[in-house]
Amino acid sequence: ITGIDNNKIIFLYQGVIQNGRGIKNMIKLLHSFKNACAVIIGGGEYKSELIRYIETNKLKNRVFFINTIPYSELLDYTCGADIGFSLIKPISKSYINALPNKIFEYVLANIPVIASDLPEMKNIFYKYNIGYCVPHNNIKKQIEGVNKILTNNFSNVQNIALKEFVWENQAEELIKVAIHD
């Protein structure tokens, strides 16, 4: 990701910028990780609130916004990050059962993930060890999760993703399920 010092830890959020997605918590984590910065890729109505928060907390030089970019270019940006974030707030049944695409995009780019400890996310994370699930609103647990990612080897998340999460390897299984129904 251009314009960021190579030795900085990069926290990444990509997607619609709206409340309930844990973006502000990702930014709050910068207070605990002085060698980190945050990159937010996307657009949305919550961006102005985040900008005010960033300015109030004197984090302007550590948070970078990139407007919505074509999906075909997203991987190039994602690969430059160190940790992807998907801290979904469980505000509806849909969110409670969410398994966001961005999680799979992160790991396909070889980026471990900090995600909410919601049921479907926990199932995937515990089965495949692609990062850590934490409460969406617990900064202490989020700090612990980031520290675990920074101190453990997650260099295999892309191999896991390529084996388990791509269509070519899931198609046969899905077809079997469809035929048996």
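**Close-up views of a predicted model**

**View A. Exposed residues and buried residues of helix 7.** On one side of helix 7, Lys 140 and Thr 151 are exposed. The structure shown in this and the following views is a predicted model. The buried residues of helix 7 are Gln 142, Gly 145, Val 146 and Ile 149. Because these four cover an arc of only 95° around the axis, they fall on the same side of helix 7, and Lys 140 and Thr 151 are on the other side. The cover over the buried residues of helix 7 includes strand 1, helix 1, strand 4, strand 5 and strand 6. Helix 7 comprises residues 139–151, 13 residues in total. From its first C-alpha to its last it reaches 18 Å, close to the 18 Å expected at 1.5 Å a residue.

View B. When neighbours within four places in sequence are left aside, Pro 135 is in contact with Asp 117, Lys 141 and Gln 142. Of these, Gln 142 is one of the buried residues of helix 7. Pro 100 is 35 residues from Pro 135 in sequence, and the two are 16 Å apart in space, C-alpha to C-alpha.

**View C. Strand 2 between strand 1 and strand 3.** Six of the six residues of strand 2 are buried, so this strand is largely enclosed by the rest of the structure. Ala 36, Ala 38 and Ile 40 point one way from strand 2, while Cys 37, Val 39 and Ile 41 point the other way; all are buried. Strand 2 pairs with strand 1 in the parallel sense over six bridges, and Ile 9 stands opposite Ala 36. Between these two strands the chain passes through helix 1, and this β-α-β crossover is right-handed. Strand 2 is also joined to strand 3 (residues 63–66) by four bridges, and these strands run parallel. Here Ile 40 stands opposite Phe 65 of strand 3. Helix 2 (residues 47–56) lies in the right-handed β-α-β unit that it makes with strand 2 and strand 3.

**View D. The aromatic cluster of Phe 11, Phe 33 and Phe 85.** There are two aromatic pairs in the model. In one of them, the ring centres of Phe 11 and Phe 33 are 5.9 Å apart and the planes stand at 80°, so the pair is edge-to-face. This pair links distant parts of the chain: Phe 11 is in strand 1 (residues 9–14), Phe 33 is in the loop between helix 1 (23–28) and strand 2 (36–41), and the two are 22 residues apart. Phe 11 and Phe 33 are both buried. Together with Phe 85 they form one aromatic cluster.

**View E. Strand 5 with its partners, strand 4 and strand 6.** Strand 4 (residues 83–86) and strand 5 (residues 113–116) run parallel and are joined by three bridges. Four bridges join strand 5 to strand 6 (residues 131–134), and this pair is likewise parallel. Ala 115 illustrates both pairings: Ser 86 stands opposite Ala 115, and the bridge partner of Ala 115 in strand 6 is Cys 133. Helix 6 (residues 119–128) makes a right-handed β-α-β unit with strand 5 and strand 6.

**View F. Asn 110 and Asn 129, two residues with positive phi.** Asn 110 is not a glycine, yet its phi is positive, at about 70°. This residue is found in the loop between helix 5 (101–108) and strand 5, and is partly exposed, with a relative accessible area of 28%. Asn 129, also not a glycine, has a positive phi of about 55°. The loop between helix 6 and strand 6 holds Asn 129, which is partly exposed with a relative accessible area of 42%.

**View G. Tyr 77 in helix 3.** Tyr 77 is part of helix 3, which spans residues 71–78. Its relative accessibility is 27%, and Tyr 77 therefore counts as partly exposed. Ile 66 lies eleven residues from Tyr 77 in sequence, and the C-alpha atoms of the two are 9.6 Å apart.

Definitions and conventions
Residues are numbered from 1 along each chain as its sequence is written. This is a predicted model: local features need pLDDT of at least 70, side-chain atom pairs count only at pLDDT 80 or more; totals for chains, interfaces and linings use all residues. Side-chain values use heavy atoms; hydrogens and water are left out. Buried means under 20% relative accessible area, exposed over 50%, partly exposed in between (1.4 Å probe, protein chains only). Two strands pair if DSSP finds at least two bridges between them. A crossover is right-handed if, with the strands pointing away from the viewer, the path from the first strand over the helix to the second runs clockwise. Rings of Phe, Tyr and Trp (its six-membered ring) pair if their centres lie within 6.5 Å; planes under 30 degrees apart count as stacked, over 60 as edge-to-face and the rest as tilted. The expected span of a helix is 1.5 Å times one less than its number of residues. The arc is that of the directions from the helix axis to the C-beta atoms. Contact means heavy atoms within 4.5 Å.
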